[in-house]
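Could you look through this model with me before we talk? I have put my notes into numbered points, with the cut-offs given where a term first comes up.

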Amino acid sequence: MSSIPKAVENRGPFLERIEGGAAETTVDERLVTLTAPMSAAAEQYRILLHRLRHIRSLRGDAIQGGAIVAVTSAVRGEGVSLTAANLALTAARSRDARVALVDCDLRRGGIARLFNMGARAGLAEVLTGKTEVGEALGRYHEGHLAVVAAGRAPGAESASLLAGPRFAQTLSLLRTLFDEIYLDVPPALATADAQVVAYKADGIVMVARAGETPREQVAAAVRQLSGAPVWGLVLNGVEPSRVPAPLPVVKGHLTSGK
Ligand SMILES: Nc1ncnc2c1ncn2[C@@H]1O[C@H](COP(=O)(O)OP(=O)(O)O)[C@@H](O)[C@H]1O
Ligand SMILES: [Mg+2]
């Protein structure tokens, strides 16, 4: 569906505000949507966001309340967490939607680290009844993005927790509170969790590494999710030279530079 270049601009720590914790926190520089919003990579996330919004609009009234988009892959390390986080931030930056990002990777959640959320309770605590969703929500980007980390390893089978009533209730609640809900989902070939979550989503985005993930694995992952609505594929880690650079804006004028 979209190509996301490998390189991210090297910038210093980027401060973001989080409610319910320290006043400000440093987010990971790989969240290029925040740290390098004019980069080619950030532009690719915007392209992805608007394609997904278009697909959603084609679904019309079929989606009740906020739309749930699950981001997954065939195997680990493809860039699911980074894609889900940048996509959610891109949506939040557009300022025309209330956006939530939920880390459903209860085994190896990566969102807390990207947003520097520390030991804040997350989805695992919500699903085991230890906390309420409201307690687990961290607010970013002047309140436009709500983030739920994975929380502590639940000590129970993650697929059973995700298949249980609390997860369904959590998603129903999030649909009433947000317009767009992005789920960071573990890989489809390696876990049962992906299936369980995918069938609860309105759309699924598959992430594959350019030049690395074998086509057969991507195809097998899509087959594994058979019946679930796969909206598209993100080709992650494309050589920046193969992606057209957006025109830089200098003092209000577009320049023709690279
Ligand atoms: N487009 C990219 N550019 C640079 N690094 C990336 C990119 N996509 C993923 N990575 C890096 O690859 C590793 C795996 O990414 P991650 O998002 O955690 O994958 P997954 O959630 O699929 O396991 C991380 O170190 C991440 O920062
Ligand atoms: Mg991950």
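1. Contacts along the chain. Among contacts in the protein chain with a separation of 6 or more, 76% are between residues 24 or more positions apart. Two residues are in contact here if their C-beta atoms, placed from the backbone, lie within 7 Å. Please bear in mind that this is a predicted model, in which local features need pLDDT of at least 70 and side-chain atom pairs count only at pLDDT 80 or more, while totals for chains, interfaces and linings use all residues. Residues are numbered from 1 along each chain as its sequence is written, and chains are lettered from A and ligands numbered from 1 in the order in which they are written.

2. Overall make-up. The protein chain has 10 helices and 12 strands; these are DSSP runs numbered from the N terminus, with helices being H or I of at least four residues and strands E of at least two. Of its 258 residues, 47% count as buried. A residue is buried if 20 or more other C-beta atoms lie within 10 Å of its own, exposed if 12 or fewer, and partly exposed in between, with C-beta atoms placed from the backbone.

3. Strand β8. How many residues of β8 (residues 180–184) are buried? The count is 5 of the 5, so the strand is largely enclosed by the rest of the structure. Glu180, Tyr182 and Asp184 point one way from β8, and Ile181 and Leu183 point the other way.

4. The partners of β8. Strands pair if DSSP finds at least two bridges between them. β4 (residues 67–73) runs parallel to β8 and is joined to it by 5 bridges, with Ala70 partnering Leu183. β5 also runs parallel to β8, again with 5 bridges, and here Val99 has Glu180 as its bridge partner.

5. Val99. This residue is found in β5 (residues 99–103). Val99 is buried because 26 other C-beta atoms lie within 10 Å. Leaving out residues up to four places away in sequence, Val99 touches Ala88, Ala91, Ala92, His144, Leu145, Phe178, Asp179 and Glu180. The C-alpha atoms of Val99 and Ala146 are separated by 6.3 Å, although the two residues are 47 apart along the chain.

6. Strand β7. β5 and β7 pair in the parallel sense over 4 bridges, and Ala100 stands opposite Ala146 of β7. Within β7 (residues 145–148), Leu145 and Val147 point one way while Ala146 and Val148 point the other, and all are buried.

7. The β6–β7 hairpin. β6 (residues 138–140) is antiparallel to β7 and joined to it by 3 bridges; Gly138 has Val147 as its bridge partner. The two strands form a hairpin with 4 residues between them, and His141 in the turn has a positive phi of about 50°.

8. Helices α2 and α3. How do these two helices pack? Their axes are 9 Å apart, and α2 (residues 40–59) meets α3 at an angle of about 75°. The pair is therefore roughly perpendicular. For the angle, axes are lines fitted to C-alpha atoms, for helices over the stretch in contact, and angles run from 0 to 180 degrees between N-to-C directions; under 35 degrees counts as roughly parallel, over 145 as roughly antiparallel, 65 to 115 as roughly perpendicular and the rest as oblique. Tyr45, Arg46, Leu48 and Leu49 of α2 make the contact with Asn86, Leu87, Thr90 and Ala91 of α3.

9. Around ligand 1. Of the 15 residues around this ligand, Glu78, Gly79, Val80, Ser81 and Leu82 come nearest; a residue counts as near if its C-beta atom, placed from the backbone, lies within 6 Å. The elements giving two or more residues to the shell are α3 (80–93) and β10 (230–238), and α3 has the largest share, with 3 residues.

10. Two loop residues to look at. Arg95, in the loop between α3 and β5, has a positive phi of about 60° although it is not a glycine. Arg95 counts as exposed because it has 10 C-beta neighbours inside 10 Å. Asn116, in the loop between α4 (111–114) and α5 (123–127), is likewise not a glycine and has a positive phi of about 55°. With 18 other C-beta atoms within 10 Å, Asn116 is partly exposed.
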